[in-house]
Amino acid sequence: MPCPCHLFVYGTLKPGERAFADLGQPFAIATIPAQAKGRLYHLPLGYPAMTSEPGWTRGILITFADEMPLKAIDAFEEYYADRPGVSEYHRHCRPVFDLSKKKLGSAWVYTMEHERVVSLGGLWLPGGCWTESSVSPPWP
């Protein structure tokens, strides 16, 4: 019997955002508000990135019946396990917490290297929360 797979999402893969309907919703068996340690940035490309810097990022913990959806999500996130040097994001297993910071367990999380965020002109989101509709970047 397959084991459940947990994925913490904080951007376009969250329910209500543009990528959830195709990549998350068809496979999700549960979704709950959650947060993980890391700093969140809005990128001028129109989506966010989380780094390993100190801070908290709010998002959603998605549970899938198995790891099958990760292959398509890895491609969407431009994560290549066999070629980390060319990957846009990296996928790590990290602790995830509820909104009162009680540990929920571990989940896969996509993060970006801080240097890459800086090179892309990322804007730090001190509140640790991103939605496509609420971000008003200072770029022309």
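I take contact to mean heavy atoms within 4.5 Å, and I note at the outset that the model I am reading is a predicted one.

Entry on helix 2. I began with helix 2, residues 68-76, and found Pro69, Leu70, Ile73 and Asp74 buried. Looking down the helix axis, I see these buried residues fall within an arc of 140°, so they line one face of the helix. I then looked up what the buried residues pack against, and the partners are strand 1 (5-9), helix 1 (20-23), strand 3 (48-64), strand 4 (90-97) and strand 5 (103-111). After helix 2 comes glutamate 78, with a positive phi near 55°.

Entry on the core. I turned next to the largest nonpolar core, which has 32 residues, and recorded Leu7, Phe8, Tyr10, Met50, Ile73, Tyr89 and Tyr110 as those touching the most other members. Strand 3 gives the most to this core, namely six residues. For leucine 7, setting aside neighbours within four places in sequence, I listed contacts that include Ile60, Phe64, Leu70, Ile73, Trp108 and Tyr110.

Entry on the pocket. Finally I looked at the largest pocket, whose volume is about 220 Å³. I counted 15 lining residues, with Thr12, Tyr47, Phe76, Glu77 and Tyr89 nearest the centre, and by type the lining divides into nine nonpolar, two polar and four charged residues.

How values were computed: Residues numbered from 1 in each chain as written. Predicted model: local features only at pLDDT ≥ 70, side-chain atom pairs only at ≥ 80, totals over all residues. Heavy atoms only, no water. 1 Å grid on protein atoms, 1.4 Å probe; cavity = no way out; pocket = protein on both sides within 12 Å on 5 of 7 lines; lining within 4 Å. Points joined across faces, edges and corners; volume = space filled by probe spheres on them. Nonpolar A, V, L, I, M, F, W, Y, C, P; charged D, E, K, R; others polar. Buried < 20%, exposed > 50% of the residue type's maximum accessible area, 1.4 Å probe, protein only. Helix = DSSP H or I, 4+ residues; strand = E, 2+ residues; numbered from the N terminus. Arc of directions from axis to C-beta. Core = buried A, V, L, I, M, F, W, Y, C linked by side-chain atoms within 4.5 Å.
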